[in-house]
Amino acid sequence: CFLAVTLSGCQEDLIEKPKTFVSPNTFFANADGYEQVVKGIYSTLPSLFTANGMMMREMFSDYSGSPSPSYEQALPTYQNNHQPFFYNVRGEWANEYTIIKNANFILSYLDPATNLSATKKKELTAEARFLRAFAYFQLVQFFGDVPIRTTPLSDYNQAQAPRSPQADVYKLILDDLIYAEANLPEQTTQQGRVYKLVATAQLAKVYLTMAGNPLKQTQYFQNAREKALAVINSGKFQLVSDYALLFHNTAYTTESIWEQLFRTEVGGNGLQALSSTAKGFIPILLPSSWFISSFAKGDQRKEWGIKQNYKGPDGATLAPFYQKFVNTTFIDAGATPSGVINGYTVPFLRLGEIYLIAAEAENEVSGPANAYQYINRIRQRARVTKSDATNVPDLASLSKEQFREAVYMERKWELHEEGNAWFDLKRTGTLTKIQTIRSADLVRPIGTYNDTWYIPDNEIQNNTIDQNPSYGK
Amino acid sequence: VSYAGDVEAQEVLERRVNITIEQATLKQALMQVSQVANVKFVFNSKVIRSDERVSITAHNERLADVLNRLLKPRHVQYEVAGKQIIFSRTEPEASLVPDLQFDSNKPPKITDVSVSGTVQDEKGIGLPGVSIVLKGTNRGSTTDAQGTYRIDVPDASAVLIFSFVGYRSQEVLVGNQTQLNVTLLPDNQSLNEVVVVGYGSVKKSDLTGSVSSVGADKITQVKGISNVAQALQGFAAGVQVNQSSGQPGEAMIIKIRGTNSISGGNAPLYVVDGLPLDGLSAQLNPDDIDRIEVLKDASSTAIYGSRGANGVIIISTKKGKEGKPKISYNGYYGVQSLRKKVDLIGARDFAILQNEVITNDNASGLNTPQKALPWTTAQIDSLGGRGTDWQDLVYRNAIVQNHDLSVSGGSQNLKYYTSFGYYDQDGIIRNSNFKRMSFRVNLSYDISKKLSVSNSFSLQNSIYRQAIYAGADGGGGIPFTTMVIPPTQGPYDANGNYTKFTGVSYGETNPLGLSTELYNPSANLRLIGNTTLVYELVKGLKLNTSVGIDGGYTKSDYYAPSTISIGQPGGKASKGYSNTSTFVTEDYLTYSTIINKHTIDALGGFTYQSNQSENLNSGTGIGFITNDFTNNNISAATTPGLPSTGYSDSKLVSYLGRLNYNFGDKYYVTVTGRYDGSSRFSEDKKFAFFPSGAFAWRISEEPFMKQIPTISTLKLRTTYGFSGNQAIANYQTLARLTNTNVVFSNVNNIAYVQGSLAYNNLKWETTRQLDIGLDLGFLRDRIQLTLDYYDKKTEDLLLNVGLPTSSGFSTVLQNIGAVQNRGFEFQLTTVNTTGALRWNSVVTISHNNTKVLQLENDPQGNPVTYKEVGAGGNWFPIQVGQSINELYGYKVLGIYQTNDEAVKNGEPTKRAGDYKFWDRDGNGVVDGNDRSTLTHLTPKVTFGFNNNLTYKNFNLSLLFVGSLGNDIVNEFRKYNITLNGNWTPTKEAFNQRWTGSGNGFDVPSSKSGSSIRDYANSLWVENGSYVKLRDITLGYTLPTTLLKSAKISSVNVYVSAQNYLTITKYTGYDPEVSWSAASVNGWDRGNYPSMKSITAGLKVDF
């Protein structure tokens, strides 16, 4: 346009031609593009293990201790005084809907794609639908009725969507997961991506949840048992012999079904910073003292899982902390939070949990008789001394109710810090345990309103939907 | 009358002239004739008396005849020399002796001839206070109330200089007279001063808009500054400059007439010698600047259209003048130090505090099992009071020096100015500094009568080292850590390694280690050049064409060795290169003509600008076998980094026009318009038109005002118009797929996600502004007053409008919302005393009120009144009806005296001794709904008060700056009034801690302050008003008699002090504070403290 004085020529010159990102319209000319966008959906998953996600999944539960008061908004959340403007609800809501947006986006391009084989198209569709279902499953548990979107946004003016009844959300989750189970490949060459049995295991977890509070569709216990057993009986997975070997890995173990992997140079696993009680850290995921004392004698999940009386580099004794995602060599070196990026994997689904789902579902369907085998496999593995049966003794002679309580407790011991605590309390209708255990720390008593978290303020403001019930009312 | 012999000269005088002039001064008349006849007149101003009024009408008359009619009765003759006509007097007047041949080499003989007389003004009235100096000496006198004087002179060759403000100086040869009466003639120089505006310049008297001018003397008045914006502080009304940081070379926060934009940027446009520049910081040598004009109103800024809304700062660099070469050296050297220390407790008190924390926690049942006290009495006694004084350890005395050498001069056709500047400023934190070498060449050449070319080229090479200071709450932030790290801790541990601050997460290595070991220089080379060609097509019509480039090349080095925590494990290294380049071409026609009383100046043209930026970064390599590589061998890292590159470009195409019309130097009209197209906006929204109009009336030129001699100037100005803002990132309207990283099987995979949708409605942010101004001058402009009122409304804000996050998107940039800025500006320039002691002063006072009028509507159609934008987050939201960012949080009412009181007030988890929050809605629970606005961060008034005093050879300048009526959010206080034994509190907080009753500060406890620590609250709010003696300089000019033999024309030596006096209630380091990471004005999260300094300097002209 240099020295050109014609308007049309200049308008041409003002059209932006970016060089660091691409337009969706040209991207899929290359068939590899579809898979790269499906992979992109996974990029939000590590955010679920940051402080915001873990405050809701783990910190607000009966077994967690009081978080560091220095962590912004952690203490009011712990005290049942959380607000719709808190970063945790905003973050959790946005993360899940980002996964849904990215899945819907690629699904809309996969459907009419002509430059893909039919098999590849189905596999990628199944993978995107699995991840969409996974996100909706998180949302429906946290927030109840939520807006359903199954198509991508085409214009910012159409950004509003009403809330759908949670039954409809679960229907969508089941549709997606069943499609995924049918069409995902048997195997994946890339650890971290989903395959057929991941969908099966996820279905077990969804069915178990649907059978519990608040839907209470107890017929699904049967489905949960069926899917859990399908995973167990596939023979593809084996329990790791020692609980301590399950963690501190940077790749799958024999027990892994689906895990999040990390590399330190692109972020790493941030859970050490949320767990470590070393000087200069502000932990929010801590074991309460009653939880530490609740373990049976000789339980590796406590002996290895919870570090007590650990000495910092200056010789001072640190408060007890979960070791699952903590590398103590960082503590010994006196590293500050910026220096403790580790690459430890975090499980979404592992065989240990599937055994406990099988145990719980079996007990609900037919009572404890046939359920002991599943729970005791887990208890036996937890023994510090495998040969000593007094360590974490086998369960026997329990009533159905006693067995139910036993499984609930077993899940806490086994799965602590893996993101199940609040979901389990809600599903089993036992959130009031928080009240029982730490009433003095609560600003408001636990009530049925605790079944849902507040929908974030920015969603309420910008959408045409109502807020969940107020706390304390 | 003499005629030069050549034919062309005769041709000039034969030109035919049509002109009507009524009651103009002779000078004005001659200027009109010269326009009409297209001939250049040259005259010494002493030849033409400007108080004479003349009238003449000519129809098709010879120029020679017109000149004869005008000049003969006035004893003026003329001669033609080449293409010019030169005037001279036919007979000298006693009171109008032109420059005499005075031999200054001859020392005055000591005899006593007494001369006396009266000095009168042009009306014959005696002038009191006129200064009379014997030329070449310090000998002087002044006139008394009747205008009479008396002075002793050595001999008949003595020359007396009569000077008085508002009047033209006169030099008179004494001769044999003992009675010497003098009539001084008024000098309207201040009105004839030329003001540079966009794409041209106008006489100050013809100005229709609101423009502040700052001259070279003021720009370099304050020593030890690297940044042009900083030089404006206190000198220009309506311009708020905040020196928020003491980091040398740091960019300033500068706002002209308030804050217009919420998301779109508020920095003014800088134009240097006609070239618009982005991001001008410390890369321009202040010594090269001749003057700065700040364009504030819509009429002045509309010529810059889409970039004018935040005001325009026009910088003119020095040019050569005809004459022999002038060589100048200007240099200073100074020492800077921490302005003030914060009064913190020492080691002994800190140990006592830590014991109290454990005691209180044990008593309240917080510790199960109970903990032992960390300190024994013997240990406390052995600590001996202060312990480590971290402020003394970290802050040092630092040197600043500046040397500038320039040569300028020229012939009639070629003029040059060239300079070399060296600026080197160390920061008071170790390893922070800014060094600049700058070179400049300004040339102008008249190739022919019609064609001239000028050229400006500058090169700056700077090295910038920033101390880590922006980290709030840790991250190694040096001012923050220095404040809170315990005095019981030493800088080194038993093994000689640096200790760490572990009181907060991300505490990092102690500030001594961090400032000593981190290597992070950034070197910048900036080349700015432009060439302008002016060609006169026909009489009055000129074509201006210019091309300019602005290229910046930056290299950033980073190496954190393993000896500091941020370098662990094994050292972290990176290297980055970036460059930006801008190309500008501007082509426009100007036309000026005077037809009788009608003066017309018109301008129309076209400009084109393209910007590009690129960068390459190595990514951070981690783990090296040795620290010796620093960042020179990144491939040796055990964990390699991911390299990255970037590219971005934008273009701006504009058409512009302006018409200035004035009738009889009384009525002025300006109409301006610019049609701008920017690549950044949506496809059919790229262009926008920004018109403006102005009207001015010089009431003082009206006959009825001539009756009031006291009022020398009275001008009413009013302007109205539109200007825009396009300060957003490129490519905002495009649909995009963005690459991201996903880890599978322990391998990093490249993947893509949907980044944004296409948005087809993004357009300009527009500010419309009304300005009403008044210029007043009294007593021959000895007192000048400029008043302005403005009312600005910015609409179609470039605002990130919230979306329901369930859509997968959180915000989209749209044109929504409105902000209003209203204010007053007041500038008073006075000559307070004349005579032996001359005292001039300038007072500037500005008041601005920013108010958010409107944000988006929610989907139900209800207006959104609260919005979180950018780094201010939920602490500093945008709220309708208030200024842009205000602290929003809990009000602390005091301290709970009993546990019961806490339960009753709705904070059941708090205990006696904890802070009590206001349950604003009274619903029995303290929660997020109880927050309210806690501050007023925008000053009600900012002001500057500058004084220049001269007595004999001494000169003294004092600059005061200040702001009134603003709060500061001192976030340090969440640490240093908190008594939990992790952080060093202030003595005030420690001495007034809660010990069972009272209302000072909280009870020492490990939970202490936890509930207020990270929740915005009223304990952080402090009064931020201040008055500061920004600079005081005392100079001495060596007597010229001493210098003659050394061929030096003048030498001035001075000492000065900066920031030595500040009156404020603010308890932090400095009330001029703002956290660099956010645009919130007055948010102190631990910025680099400002310094005070003492400098000594020398200015020599050869």
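The paragraphs that follow treat the interface between the chains, then the domains, then some local backbone features.

This is a predicted model. In it, chain B and chain A touch through 86 residues of chain B and 87 residues of chain A. The size of an interface is often given as the accessible area lost when the parts come together. For chain B and chain A that area is about 7,600 Å², and carbon and sulfur atoms give 59% of it. On the side of chain B, the residues that lose the most area to chain A are Leu737(B), Phe744(B) and Ser806(B). Together these three make up 9% of what that side buries.

Arg90(A) and Glu868(B) form a salt bridge through their side chains, with a distance of 2.7 Å from N to O. Residue pairs in polar contact across the interface of chain B and chain A number 23, counting pairs in which both residues have pLDDT 80 or more.

Which elements of chain B supply at least two residues each to the side that touches chain A? Six are strands: E29 (572–595), E30 (598–617), E32 (644–663), E33 (667–678), E36 (736–744) and E37 (747–756). Helix H17 (1010–1013) of chain B belongs to the list as well. The element that gives the most is E37(B), with nine residues. Sorted by class, the side of chain B that touches chain A consists of 39 nonpolar, 33 polar and 14 charged residues.

The next level is the division into domains. Chain A has a domain 1, made of residues 35–184 and 444–473, and a domain 2, covering 264–344. The C-alpha centres of these two domains of chain A are 29 Å apart. Contact between them involves 17 residues of domain 1 of chain A and twelve residues of domain 2 of chain A. The two domains of chain A bury about 1,100 Å² between them, with 72% of that area on carbon and sulfur atoms.

What polar interactions does this domain interface of chain A hold? The rule finds zero salt bridges between domain 1 of chain A and domain 2 of chain A. Four residue pairs are in polar contact there, both residues of each pair being at pLDDT 80 or more. Helix H4 (residues 51–59) of chain A gives the most to the side of domain 1 of chain A that touches domain 2 of chain A, namely five residues. By class, that side of domain 1 of chain A has nine nonpolar, six polar and two charged residues.

For chain B the assignment gives domain 1 (7–91), domain 2 (95–187) and domain 3 (337–383 + 954–1101). The centres of domain 2 of chain B and domain 3 of chain B, taken over C-alpha atoms, are separated by 56 Å.

In chain A, the bond from Asn213(A) to Pro214(A) is cis, with omega near 5°. Pro214(A) sits in the loop between helix H9 (196–211) and helix H10 (220–233) of chain A. In chain B, the bond from Gln568(B) to Pro569(B) is cis, with omega near 0°. Pro569(B) lies in the loop that runs between strand E28 (541–560) and E29 of chain B.

Positive phi angles come next. Thr630(B) is not a glycine, yet its phi is positive, at about 40°. This residue is in the loop between strand E31 (621–622) and E32 of chain B. Thr630(B) counts as partly exposed because its relative accessibility is 23%, a value between the limits of 20% and 50%. Ser745(B), also not a glycine, has a positive phi of about 50°. With a relative accessible area of 27%, Ser745(B) is partly exposed.

Is Glu702(B) buried or exposed? Glu702(B) is in the loop between strand E34 (687–698) and helix H13 (703–706) of chain B. Its relative accessible area is 7%, and under 20% a residue counts as buried, so Glu702(B) is buried. Leaving aside residues up to four places away in sequence, Glu702(B) touches Lys666(B), Tyr667(B) and Trp697(B).

Technical notes: Residues are numbered from 1 along each chain as its sequence is written. Chains are lettered from A and ligands numbered from 1 in the order in which they are written. This is a predicted model: local features need pLDDT of at least 70, side-chain atom pairs count only at pLDDT 80 or more; totals for chains, interfaces and linings use all residues. Side-chain values use heavy atoms; hydrogens and water are left out. Contact means heavy atoms within 4.5 Å. Buried area is the accessible area (1.4 Å probe) that two parts lose on being put together, summed over both. A salt bridge is a side-chain nitrogen of Lys or Arg within 4 Å of a carboxyl oxygen of Asp or Glu. A polar contact is a pair of N or O atoms within 3.5 Å; within protein, one must be able to donate a hydrogen and the other to accept it, and residues adjacent in sequence count only if both atoms are side-chain atoms. Helices (H or I, at least four residues) and strands (E, at least two) are DSSP runs, numbered from the N terminus. Ala, Val, Leu, Ile, Met, Phe, Trp, Tyr, Cys and Pro count as nonpolar, Asp, Glu, Lys and Arg as charged, and the others, Gly among them, as polar. Domain bounds come from an automatic or database domain assignment. Buried means under 20% relative accessible area, exposed over 50%, partly exposed in between (1.4 Å probe, protein chains only).
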